[in-house]
Amino acid sequence: MGVVTAVTWTIAALAGVYLLWLWLSGGGLRRAKVTRFPVALIFSHPALAVSALGFWVAGLVTGSRALVWAAFAVLAVAALLGFAMFTRWLGGG
């Protein structure tokens, strides 16, 4: 199960890096004075995802169920932020 999770997480991370590259190549924050996404949303989503990955790895290494559940909770928040960005992007046309 750990390998499946690692592969899934890697695929999601690569998709996120690709989307970040598209956004940065389109001008990123410099494109306009007002962006469709708040800066806090743009940077907190990957920061939370990386934190969740750290909790998950620590939970696997130590065997702590509390760390694994913390990883799940942080990843859930990161996923909600990702869905928020996705729905705002869809609404922008």
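Analyst: What follows goes from the whole chain to the contact between its domains.

This is a predicted model, so local features need pLDDT of at least 70, side-chain atom pairs count only at pLDDT 80 or more, and totals for chains, interfaces and linings use all residues. Residues are numbered from 1 along each chain as its sequence is written, and side-chain values use heavy atoms, with hydrogens and water left out.

Start with the fold. The protein chain has 3 helices and 0 strands. Its pattern along the sequence reads α-α-α. Helices (H or I, at least four residues) and strands (E, at least two) are DSSP runs, numbered from the N terminus. The C-alpha atoms fill a box of roughly 45 × 20 × 20 Å along the principal axes.

Next, the record. An unreviewed UniProt entry annotates residues 6–25, 37–61 and 67–90 as "transmembrane region". Such annotations may be inferred rather than shown by experiment; positions follow the numbering used here, and feature names are shortened. Residues 6–25 are 100% helix, with end C-alpha atoms 28 Å apart. Residues 67–90 are also 100% helix. Their end C-alpha atoms lie 34 Å apart.

Now the domains. Domain 1 covers 1–35 and domain 2 covers 36–92. These bounds come from an automatic or database domain assignment. Taken over C-alpha atoms, the two centres are 13 Å apart. Domain 1 gives 8 residues to the contact, and domain 2 gives 10. Contact here means heavy atoms within 4.5 Å.

What area do domain 1 and domain 2 bury between them? About 760 Å², with 78% of it on carbon and sulfur atoms. Buried area is the accessible area (1.4 Å probe) that two parts lose on being put together, summed over both. On the domain 1 side, the residues touching domain 2 are 5 nonpolar, 3 polar and no charged. Ala, Val, Leu, Ile, Met, Phe, Trp, Tyr, Cys and Pro count as nonpolar; Asp, Glu, Lys and Arg count as charged; the others, Gly among them, count as polar.

Between domain 1 and domain 2 there are 0 salt bridges. A salt bridge needs a side-chain nitrogen of Lys or Arg within 4 Å of a carboxyl oxygen of Asp or Glu.
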